[in-house]
Amino acid sequence: MHDISDLELRGLPGVFVASEQFVTAAASQSKSHGYSAMARVFTPHPIQDRTDEEMVAYADEAFDRIVSQVTAG
């Protein structure tokens with residue numbers, strides 16, 4: 001999250017991407033650090049045991065949401 005915040009402070013859009021297991025933790029951490037408006041996209045969980053093909057499918061599914069967040073506003 002600090003990296004995304006740093007990008008935003010430099011005028012570069014950024015998006016926090018994590019698996020859906022971390023929705024609550026991400027919300028809590030972003031709020032506590034003052035980044036509650038940070039753009040975020042979540043993918044299915046878990047990812048560590050996924051095949052390459054499954055990871056490509058996760059990325060393909062998240063791509064439009066990521067682009068939408070980066071280009072919003």
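Predicted model: local features only at pLDDT ≥ 70, side-chain atom pairs only at ≥ 80, totals over all residues.
Residues are numbered from 1 along each chain as its sequence is written, and side-chain values use heavy atoms, with hydrogens and water left out.

**Exercise 1. Threonine 43**

Find the strand that holds threonine 43, decide whether threonine 43 is buried or exposed, and list what it touches.

Step 1. Look up the strand: threonine 43 belongs to strand 2, residues 40-43. Strands here are DSSP runs of E with at least two residues, and helices are runs of H or I with at least four, both numbered from the N terminus.

Step 2. Apply the accessibility classes: buried is under 20% relative accessible area, exposed is over 50%, and partly exposed is in between (1.4 Å probe, protein chains only). Threonine 43 has 12% relative accessibility, so it counts as buried.

Step 3. Collect contacts, meaning heavy atoms within 4.5 Å. Leaving out residues up to four places away in sequence, threonine 43 touches Val17, Ala18, Ser19, Glu20 and Ala62.

**Exercise 2. The core**

Which residues make up the largest nonpolar core, and what does methionine 38 touch?

Step 1. Set the rule: a nonpolar core is a set of buried Ala, Val, Leu, Ile, Met, Phe, Trp, Tyr and Cys residues joined through side-chain atoms within 4.5 Å.

Step 2. The largest one has eight residues: Met1, Ile4, Phe16, Ala18, Ala26, Tyr35, Met38 and Phe42.

Step 3. Not counting residues up to four places away in sequence, methionine 38 touches Met1, Ile4, Ser5 and Phe16.

Step 4. For background, nonpolar side chains in soluble globular proteins tend to be buried together.

**Exercise 3. Salt bridges**

How many salt bridges does a search of the whole structure find?

Step 1. Require a side-chain nitrogen of Lys or Arg within 4 Å of a carboxyl oxygen of Asp or Glu. The search gives three.

Step 2. Arginine 10 pairs with aspartate 6, with closest N and O atoms 2.8 Å apart. Arginine 10 counts as exposed because its relative accessibility is 60%, whereas aspartate 6, at 34%, is partly exposed.

Step 3. Arginine 50 meets glutamate 54 at 3.6 Å, N to O. Arginine 50 is partly exposed at 29%, and glutamate 54 is partly exposed at 32%.

Step 4. Arginine 65 meets glutamate 61 at 2.7 Å, N to O. Both lie in helix 3 (residues 52-71), four residues apart, about one turn of the helix.
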